Amino acid sequence: MHDDHALVEKRIERFVAERLTPAVYRARVSAHVEFWEVPGEPVAFAEAAAASFAPIAPGTPWGRPWGTTWFRVSGEVPNGWADIDGVRPELVVDLGFTAAQPGFQAEALAWSTDGTVIKAVEPRNRAVPVPASGAFQLYLEGASNPDVAGQWSFAPTALGEWRSAGTDPVYVLRSVDIALLDITVWELLQDVWTLRGLYAQLPKSMPRRADILRALERCVDTVDPDDVAGTAARGREVLAPALAAPAWASSHRIHAVGHAHIDSAWLWPVRETVRKVARTFSNVDALIDGHPGFVFAASSAQQYAWLKRDYPELFERVRRRVHEGSFVPTGGMWVESDTNLPGGEALARQFVAGKRFFIEEFGVEPLEVWLPDSFGYSAALPQIVRAAGSRWFLTQKISWNETNVMPHHTFRWQGIDGTEVFTHFPPVDTYNAELSGAELARAERQYAEKGLANTSLVPFGWGDGGGGPTREMIAAAERTADLEGSPRVRMSSPREFFEAAEAEYPQPPVWAGELYLEFHRGTYTSQARTKRGNRRSEHLLREAELWASTAAVRGLAPYPYDELESAWHTVLLNQFHDILPGSSIAWVHREAERRYAEVAVALTAIIERSARALAGSGARTLRLNAGPFAVDGVAPLGGGVGGGAAATDVVTVRREGASIVLANAHLAATLDADGLLVSLRDLASGRESVPTGHPAKLLQLFRDTPTQWDAWDIDAHYVRNVEELRAAETVEIAQSDAATAAVRIVRRFGASSVVETVSLAAGARALEVGFDIDWRERQKLLKLAFPLDVHAESAASEIQFGHVRRPTHVNTSWDAARFETVAHRWVHVGEPGFGVAVANDSTYGHDVRRSIGERGATVTTVRLSLLRAPLYPDPASDQGEHRMRVSITPGTGIPGAVEEGYRLNLPLRSVPDAAVDTIEPLVRVDGAVVECVKLAEDRSGDVVVRLYEAIGGRARVRLSASFDAEAEETDLLERSLEEPRVSLAHHGERSWVFEVRPFQLVTVRLRRG
């Protein structure tokens, strides 16, 4: 009688653990190890190799947090090993690994004595090749990166910065051995692993399951526990029939793509990511040899650029692998960026910079966008993807939704302008697969397109902290290529998958609008300084390119191509999906703030240099307007003295009892005794914006204790604990003249304080509020509420190149889950005939909901999330001083919201001692919004204009140039289009007209002959 299945399973499990796994290496001898600890930041190989090394023995602690220790390893392969068949010597290293997951702890890079990179040493990839015989020497560059993840306890940690992490060693060197790999035993272990994984996923009633168990049982009977090496081949013969049984014709088809998700910064600084790239790419290079059919895909041009700069010899090896097709650049972006927070031009430049690098360095252009881990996906992205010349899109992150399950895995994603992109969402639910039986079964089980299509993609390889595929994973792919009971697995590339999937399913369903992640909603707000640095940098880049282009075309100054490219690369890197969202360690965000400051200095110098060249030297004061709308009489994209205000454009401020009233020709705003906004009247319509009994401009302090993922999450329960910060310490009139009225309000709460400056300018249609906040709270969320007397069915929020509308109700689970949303420069709520815009200069997180006010009237409340204070991974997140501005414009529609958003973020720039009264705009555009004016990337001197329809309707656009040129529509990379999307028609000299559809993005190249 056969044993009970459970007993057989236990027997097999013990056999693997106690007999088979230990027999993978037939013999071991210790290598001789010496070490040198780098006193500070990492050093080049040449400096390390010339250092003084001291002996180190197994059991010795090493490596301060974030330190670098070089190990010099020497040894000799024992005589006779080379004469044994079926074996191979290799160096096996245990640096003191604390967990099985690579990327979050100690790692090392092996170097030959001539300074050539060999491969990495990581928890699941510990072997380094050595000669088959004789003596050898090599170096290990050990990185003692601390485990900041800490088993995901989300507890505050001091490990997130070099200066606070301490100096005590965090690892113990366990072993550095020359070991003799038994290839047959290793292959048998892979056979058993694959079959056990498959067995665990099959239904108990299926005969195939019993067949596998009995085959494994016979294997255990066959392999002699006292002579595993001598009987392993017979064990493989026993399992061969079970592994040879072919897959069913209806089995799910999986394209397994080698991959290593390398976060460009996260629980480690950017400088460590540079080394992670070298470690991972060298692993892959070593793995490609001897594994035909294996393909590795890696995104992020920035990571290749680091490799080229710091590891040129390894970069050239990668270049050769790219040309042979085994190493595939994918994604086409500079980094795997966040897509909620970057502005439109910045998101476009992710593709411009990324694709340019891949084309120039490798002669390849990725056609798939590869963003497995970003925290939700903007509804503007399909159009940007297609405008960049790409065809396909991949993400995995939506599987993290807390509430709703995405109904499709392969679909066409439709953006705000109607553009669609073929999209795949792998049902395996991970971008770090090891091709286990559980993962493959999950992909097949969850695949939502059954009956219509039958193909999905599985990215395999250790990731987040890098590492990549292992030889064990490739063995799993080979064994499941055609295996009964398992999906059919084919090692493939992203392009091969998408071509097959598109051919199989040419008319998939359509998902319209944003891919909102029902999770990680706190990333719209965490690390406010990083977010402000991004917003400010984006607008400085716009100014710098505009004025530098204007000066260059007029022959007044050379265009600073290299300086601008460097600034862009910094900004694009910091838009990585764990930097800009605010979910990295303190080290990362302090560095980001430092780099933003450097960018501001460099761009301000370009702007001032260009402005001086344009303005000349004289006695006038010139004002420059880099925005797309006229401001205070200064033309868009040009310069002038401005002014010219009507005599009625004055502002007054007066006390009326306990209240203060600010008024001009358009607005009247009333503040109560505590400085709260109790009335905001649009004088043209006479309409009140603030509902009775619901003061606006109200700061609210919420408890912010998410269940997990501190910096990432805002949980729905935050609303249950709120303190309204109504009381003011002082309310005083700070300015009162014909041009500006201002009121200064001071509030204190907890250990924090806020100074509000409410101001109204003569002729302004918006009331401005400046906030100077000294923030000293912990695990709190500060919101700014504007209850509005508007019956709004939806709220319009600015995103890249347009806006999205989201319901203000919670009719469905999808609506309810969208309780915190992202907006860029403005949010607008309205009803027929009346609307209100709330704009900002650095805030992204918002929530907009309806409620019932007095007498049953609808109140629509727009709230901005100003600051958070999570404890993990940066326990000092956002502590200190912050400055931000908000404006509210009553009686305006979407056009007014768009205009106010630009005005608040692009203030006029004064140029003193100018010789001229005006600067003629380089280009003029009517009917659309200009997002960018620059010189062409190919340095030809052509002018590139990027514009878009911002309102959501069809428009007739007129583009005029102040110089001789021919106009041509291009893609984002400024290449001619085979099929232009707009028809440029001459409309007089140097002028063209064309029609655009709602939210259409257009790039026009003005060729200068």
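Me: How much space lies in the second largest cavity?
Reply: The model is a predicted one. A search of the whole structure finds 11 cavities of 30 Å³ or more. For the second largest cavity, the space comes to about 200 Å³.

Me: Which residues that line the second largest cavity are the closest to its centre?
Reply: The lining of this second largest cavity consists of 17 residues. By class they divide into nine nonpolar, one polar and seven charged. Closest to the centre are R349, R356, E565, W568 and E937.

Me: Which helix gives the most to the lining of the second largest cavity?
Reply: Helix 9, helix 15 (561–573) and strand 47 each supply at least two residues of that lining. One of these elements gives six residues, the most for the second largest cavity. That element is helix 15.

Me: How much space lies in the largest cavity?
Reply: The lining of the largest cavity is made of 23 residues, with G343, E538, H539, R825 and E931 nearest its centre. By class, this lining has 10 nonpolar, five polar and eight charged residues. The space in the largest cavity is about 240 Å³.

Me: Which helix gives the most to the lining of the largest cavity?
Reply: Four elements each supply at least two residues of this lining: helix 9 (344–362), helix 14 (528–553), strand 37 (794–799) and strand 47 (929–935). The top contribution to the lining of the largest cavity is six residues. It comes from helix 14.

Me: Are helix 4 and helix 5 roughly parallel or roughly antiparallel to each other?
Reply: Two packed helices are described by the angle between their axes and the distance between the axes. For helix 4 (residues 207–222) and helix 5 (residues 228–244), the axes are 9 Å apart and the angle is about 170°. Angles over 145 degrees count as roughly antiparallel. Helix 4 and helix 5 are therefore roughly antiparallel.

Me: Is the crossing of helix 4 and helix 5 left-handed or right-handed?
Reply: The two helices pack at an angle of about 170°. The crossing of helix 4 and helix 5 is right-handed.

Me: How many residues of the contact of helix 4 with helix 5 are nonpolar?
Reply: Helix 4 makes the contact through R208, A215, L216, R218, C219 and T222. Helix 5 makes it through T231, R234, G235, V238, L239 and A242. Three of the contact residues are polar and three are charged. The nonpolar ones number six.

Methods:
Residues numbered from 1 in each chain as written. Predicted model: local features only at pLDDT ≥ 70, side-chain atom pairs only at ≥ 80, totals over all residues. Heavy atoms only, no water. Axes fitted to C-alpha atoms, helices over the stretch in contact; angles between N-to-C directions. Parallel < 35°, antiparallel > 145°, perpendicular 65-115°, else oblique. Left-handed = near helix turned anticlockwise from the far one by under 90°. Contact = heavy atoms within 4.5 Å. Nonpolar A, V, L, I, M, F, W, Y, C, P; charged D, E, K, R; others polar. 1 Å grid on protein atoms, 1.4 Å probe; cavity = no way out; pocket = protein on both sides within 12 Å on 5 of 7 lines; lining within 4 Å. Points joined across faces, edges and corners; volume = space filled by probe spheres on them.
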